[in-house]
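Let's read a structure together, one feature at a time. Bring your questions, and we will work through them in order.

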Amino acid sequence: MRLDKYISSQRTDLSRADVKKLIRAGRVAVSGRAASDAGLQVSESDEVTLDGERIEYKEYLYIMLNKPAGYVCSAREGNSPTVYDLIPPELNRRGLFPAGRLDKDTEGFVLMTDDGQLAHDMLSPAKHVPKRYRVRLVEPYRPEYATRFAEGIEIDGGEKCLPAEAFPDEEDPFSFTLILHEGKFHQVKRMAHAVGNEVVFLRREAIGNLEIPPDLALGACLEIMHKDVEKLLTK
Ligand code: URA
């Protein structure tokens with residue numbers, strides 16, 4: 001791949017024209033030697049640096065976003081801010097999309113990636129990847145919800161859900177943890193509605209075996225590194 005293409009594919013805050021200027025200014029090096037030719041052929045194994053900092057080649061990007069309420073998981077809708085507004089420029093590369101959307105009023109874990117296969121596997125009901133939610137209800141949680149959810153509850157429109165696990169909160173009688181293995185539209189809200197209750201607060205805490213760390217602030221994101229990516233698919 002051409003050197004200017006390599007850099008701009010990894011750093012979407014830099015256009016090919018920007019990269020050419022940086023090369024002309026002597027700020028780019030390949031394997032320790034200043035590069036002067038934007039068309040130089042480089043491969044993933046070459047050490048490409050900008051101002052001495054390595055630009056590692058990543059085929060795909062995986063970003064854990066701790067979405068606050070008020071942001072939509074799609075392109076701009078009216079005046080609502082979107083999850084793309086929360087991704088810092090150095091990570092906001094072309095082709096990123098939210099793998100599994102959360103409602104505007106839901107907060108928590110949104111995976112932003114450009115890896116279509118992983119997103120497909122993570123979201124496919126056949127793969128049974130668990131997604132863990134913390135739910136707060138209008139009326140107190142009742143123990144029979146766990147049985148109804150475990151049986152695979154029918155939600156409005158006659159759609160049957162896959163079996164899901166519910167665990168009451170020890171301290172708050174209105175809250176519980178719900179583990180789903182699929183992602184139907186507004187599923188948690190429709191499941192609560194099907195048992196005669198309503199959701200007042202919803203947060204996705206984990207996907208697969210990967211959970212939002214307690215120190216990741218609402219609105220912040222972090223890049224998921226290679227060793228953790230497979231946890232997204234762990235049952
Ligand atoms: N279920 C819902 O109802 N909303 C979400 O945002 C996610 C799951």
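Q: Is His-186 buried, partly exposed or exposed?

A: The general idea is to sort residues by relative accessible area: buried means under 20%, exposed over 50%, and partly exposed in between (1.4 Å probe, protein chains only). Here His-186 has 31% relative accessibility, so this residue counts as partly exposed. His-186 sits in the loop between strand E12 (175-180) and H5, and has a positive phi of about 50° although it is not a glycine.

Q: Before we go on, what kind of model is this, and how are the residues counted?

A: This is a predicted model, in which local features need pLDDT of at least 70, side-chain atom pairs count only at pLDDT 80 or more, and totals for chains, interfaces and linings use all residues. Residues are numbered from 1 along each chain as its sequence is written, and side-chain values use heavy atoms, with hydrogens and water left out.

Q: How is the protein chain divided into domains?

A: Domain bounds come from an automatic or database domain assignment. In this chain they give domain 1 (3-54), domain 2 (58-125 + 212-235) and domain 3 (130-207). Between the C-alpha centres of domain 1 and domain 3 there are 49 Å.

Q: What is the strand order in the open sheet of four strands?

A: Strands of a sheet pair through backbone hydrogen bonds, either parallel or antiparallel. Strands (E, at least two residues) and helices (H or I, at least four) are DSSP runs, numbered from the N terminus, and two strands pair if DSSP finds at least two bridges between them. In this open sheet the order is E2-E1-E3-E4, with antiparallel pairing. Strand E2 (33-34) and strand E4 (53-54) each have a single partner strand, so one side of each has no neighbour in the sheet. Inside the sheet, E1 (residues 28-30) and E3 (residues 48-50) are joined antiparallel by three bridges, and Val-30 has Val-48 in E3 as its bridge partner.

Q: How much space lies in the largest pocket, and what lines it?

A: Rolling a probe the size of a water molecule over the atoms shows where empty space is left. A pocket is an open set of points on a 1 Å grid over the protein atoms alone, where a 1.4 Å probe fits, with protein on both sides within 12 Å along at least five of seven lines; lining residues have an atom within 4 Å of a point. The largest pocket holds about 440 Å³. It has 24 lining residues, and those closest to its centre are Arg-101, Leu-102, Asp-103, Lys-184 and His-186. Helix H5 (187-194) is one of the elements that each supply at least two lining residues, and H5 gives the most, with three. Domain 2 and domain 3 each contribute at least three residues to this lining.

Q: What does H5 pack against, and what follows this helix?

A: Its buried residues are Gln-187, Val-188, Arg-190, Met-191 and Ala-192. They pack against elements including E8, helix H4 (144-151), E12 and E13. Just after H5, Gly-196 takes a positive phi of about 85°.

Q: Is Asn-197 buried or exposed?

A: Asn-197 is buried, at a relative accessible area of 2%. This residue lies in the loop between H5 and E13. Contact means heavy atoms within 4.5 Å. Leaving aside neighbours within four places in sequence, Asn-197 has contacts that include Leu-137, Pro-140, Tyr-145 and Ala-192.

Notes
Points joined across faces, edges and corners; volume = space filled by probe spheres on them.
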